[in-house]
Amino acid sequence: MSIRRKFITIVLAVSIIPISISGVVIYHHCRGSLMKSLENQLEATAAVQESRINVLFDRFSDDVKMIANRPNLKQQFELYARNMDNQSRDNLARLLNDIMNTVPIFHEISLVGITGNVIYSTNASKIATRLDNEHFLAKGMNRCGIVDTIKDKNDNTPDIWFSCPLIFAGTTIGYVNAILDGKYLINITDDYTGLGKTGETVLAKRDETGGALFIVPLRHDKNAAFVHKISKDNVTVLIIQALLKRQRIFSSYVDYRGKDVIGTTRYIAQADWGIVVKIDKSEFMEPLVVLRNFLIISYLLLIGFIVLTLAYLVGHITGPLTHLTKIARQISEGDISKRIEIRPDGEIGILSMTFNHMLNTIKVIHTTLEDKFTELNAIIDTLPGIFFIFDNSGKVFKWNENLVEVTGYSPDEIRMMSVADFFIDGDKNLANNTFQAAVENGKADQELSLLTKDNNKITYYFIVSLIRHDEEVDIVSIGVDITERVLMENELVEYRKHLKRLVGQKTLEIVEMNKQLQQEIEKRLANENKLQDKEDFLRLVTDSLPALVAYIDSETRYLFANKLYEDWFGYSRTEIIGKRRQEILGNDYHEATIDNMLTALSGHKVQFDNSIELKDGTLKIISVKYIPHFDEKDGTVSGVFVMAHDITELKHIELALRESEDRFRRIFEDSPLGIAVTDNNGYFIKVNNTLCQMMGYTEDEFKKLKYHELTHEEHLNKHMELVRQVTDAIIPSYKMEKHYVRKNGDIIWVNVIANFVRDERGGVAYGIAMVENISHRKEMERELSVYTEQLETVVQERTKDLMDSLDKLRTNTNAIIEAMCASVEVRDPYTAGHQQRVSKLSRAIAEEMGLSEEQKEGVIVSSSIHDLGKIYVPSEILSRPGRLKPAEFNLIKEHSQIGYDILKGIDFAQPIAQIVLQHHERMDGSGYPQGLKGTDILLEARIICVADVIEAMANHRPYRPALGIDMAIGEITKNSGIMYDSYVVAACVSVFQKGFSFK
């Protein structure tokens, strides 16, 4: 780099790079701030929408529950179920119609039997029909709630279907179904407050295939409800993520229109709905685009000021040095005729005199160096296969022409590439390991797959060696194409057969066409007086021929040309007729073939092959025949018939065949693998130099041997069996790793691949074998096997030690927890055994609910220590018989937080500390210490909450006597779905009905 450029680069780097970085930092900071603000807005909106929908469910579920809890409805329904008479049914219908009038929010109410048969409905069409359990049993549980969302029969708005069991004397006798107009739902989703111009709330349920079915009109598609669907496989669509129960912000997903959006998802478990609150990414980017444009304009103005200042400084500071550098660069580029004309004063003048003196010396050695480099380049370009040299950073700086030809990369592209870029992805690491082995050992070899510019894969055998100079190293690699070494001979035979058939076929076609054309010409000469009448017929015939046909008069002007002739040369019939041949065919072709035309005009037939460039630049090779036309009156030549056929493909095939034969010969002679050809008796016919060096025999000595004489006796039987199978065509080829015995008696490992070439009758004509010396690889495999066995032994020993330590840690942890629980019970004798009883009931509820083993273990452990925090509560407060003061009760309420603080540092498999913290939370948020609601409370904590209440009410306390199991169950049933989880309450009731006891 010149001094001027260095100066410019340093100034620009010092000034522009910090400015650029500052602009990027400002842009990304603003983008991050906007994104965070938008995420908070979307999260808040989603939370509000989810809360509004849950409130909607709870409100109308309570309305349906109120209907189902009416005593007169239960009694009348039970009476009808017992008597099944018309009077009971009419009374039930009258009662239901009265209820319908008092609860106008539902536009349809039905009474459903225990098996799903509709006993009565305000919709007459449903009476006596039968429903499946999904339409009268909320999500498979015997509770009140939503069972489905259906399309309103009058429009595309949704109807919400609620169901609640009718329980009489503790037994479910039927169900109340009620359908609510979905306008309440649409009022929620149509609220776009805070969502800008493109934001919206999307609501969908699962369709019959598991995909998403939108159930409300959308902001951008008012007809989407119960019409628009999204396949479950389109996981980049946000609504599918919502239905997969993923609740978080997504910034790289699309909406139902395929638009890029930023949104948050929610999943409503009780309805199996997905909610998406989102906004188009393009709207989010609008302020960022304005900021980006402002930064770019400011950046460009600042760069302009810097460039103007820099131009002034460059002219006054680096001028003399730039002049000296320019002359020096020209000299370094080979122009040693230059002289530096600077006054011999100062440092630059002395430097110029030194350069001029050095030039005289350079001229002396320049000629000698050019000769040496010319010889070196000639040697490299004549090397077989590909050749390249690269430095220890992987940059290729020397190669032969074969590398350019094989890979398709230009020299400029190769200079910009790393050596690893030449190989397929699967071989890049193997190539790097091979080159590293060459650096360490001085030499390495490996088969690798080369990837050409047009993505073709070619397998090469590479031999890599090292060149050291000073402390640097360069790596030399020679590669030989071996992809065709097995199939080459077979392909060559087939290729020759195909070429022979093709040449014969083309020859017959040409002869046949010549005969037809000759007949037409003779017919035309014999009937010249009738030429005008038959001109249309002649053109029809010539246009149908697969040959170029024309007639040229004695002045070389066109009188006729067929359609193919016109198409070839790109001229119409009117443009050809009357023109001379050089105007149509071009001067180059005219000059090259004028002698042939003159010979034809002298009365002789002429046939020749020549190349011609068409009007569009295409180069063709044609076979041309000139037939003279004699005048019947005076016998002079009046013109020449021209017939030509395209033989470009045929010529290319011949050329390819010759090149293929030459390539095969080079591969055989220069292959890094040993290659041998044997006759049908097993004697060697031809071997390459690699095999001679490998085995220690000369080629003449090989010709006196049979191929099985090289095989060691331990592998001879298997070798002979494989040869027999290949000879009998049982297997297509023979591949075997075995021992070979060299001439001096040494034994080496080889990999042999062999096949037989068969004659037309299927007999063995000769055999081809390729031999690779794999002794080094076999030794490495043996060493690797020993190392692997040692490593497996160490891993097993370490694993056993770790498992023993883990068991001891778990045992110690459980012992500590049990000791702490015992200390709590010692301080509170009135509640001794409370935690064990709560744990027993919690375990039974978890099993009734069908929880997983991991969840059940979490319930058991956390319930057995849920009051651990009472260890810090004074014992006189715990055992006081009277009512506690508010301050004392607040102190007891802190035991949940204290228990959490004790346990949070212990690494349990389940969230034990969080369960202990939440076991006094309530579904409506009235619990403590965090006031959590609904599903924000862990399921394990909800189970312990119910078990804790049952145990506390059923047993004696210092401040009151035991209230009994029945009153305890009445308490949790009354507040089911309000303070306690309705699923847990139902499971608890079922446990006691099945005979559970604390004893």
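Residues are numbered from 1 along each chain as its sequence is written, and side-chain values use heavy atoms, without hydrogens and water. Because the model is predicted, local features need pLDDT of at least 70 and side-chain atom pairs count only at pLDDT 80 or more, while totals for chains, interfaces and linings use all residues.

Helices (H or I, at least four residues) and strands (E, at least two) are DSSP runs numbered from the N terminus. Two strands pair if DSSP finds at least two bridges between them.

| Strand pair | Sense | Bridges |
|---|---|---|
| Strand 22 and strand 26 (residues 764-773) | antiparallel | 6 bridges |
| Strand 22 and strand 23 (residues 684-687) | antiparallel | 3 bridges |
| Strand 24 (residues 734-741) and strand 25 (residues 747-758) | antiparallel | 8 bridges |

Strand 22 (residues 674-679) has 5 of its 6 residues buried, so the rest of the structure largely encloses it; buried means under 20% relative accessible area, exposed over 50%, and partly exposed in between (1.4 Å probe, protein chains only). Ile-675 has Met-770 of strand 26 as its bridge partner, and Ala-676 stands opposite Val-687 in strand 23. Strands 22 and 23 form a hairpin with 4 residues between them, and Gly-682 in the turn has a positive phi of about 95°.

A hairpin is also formed by strands 24 and 25, with 5 residues between them; Gly-745 in this turn has a positive phi of about 95°. Tyr-734 has Ala-754 in strand 25 as its bridge partner.

Val-795 lies in helix 22 (residues 775-827) and is partly exposed, with a relative accessible area of 44%.
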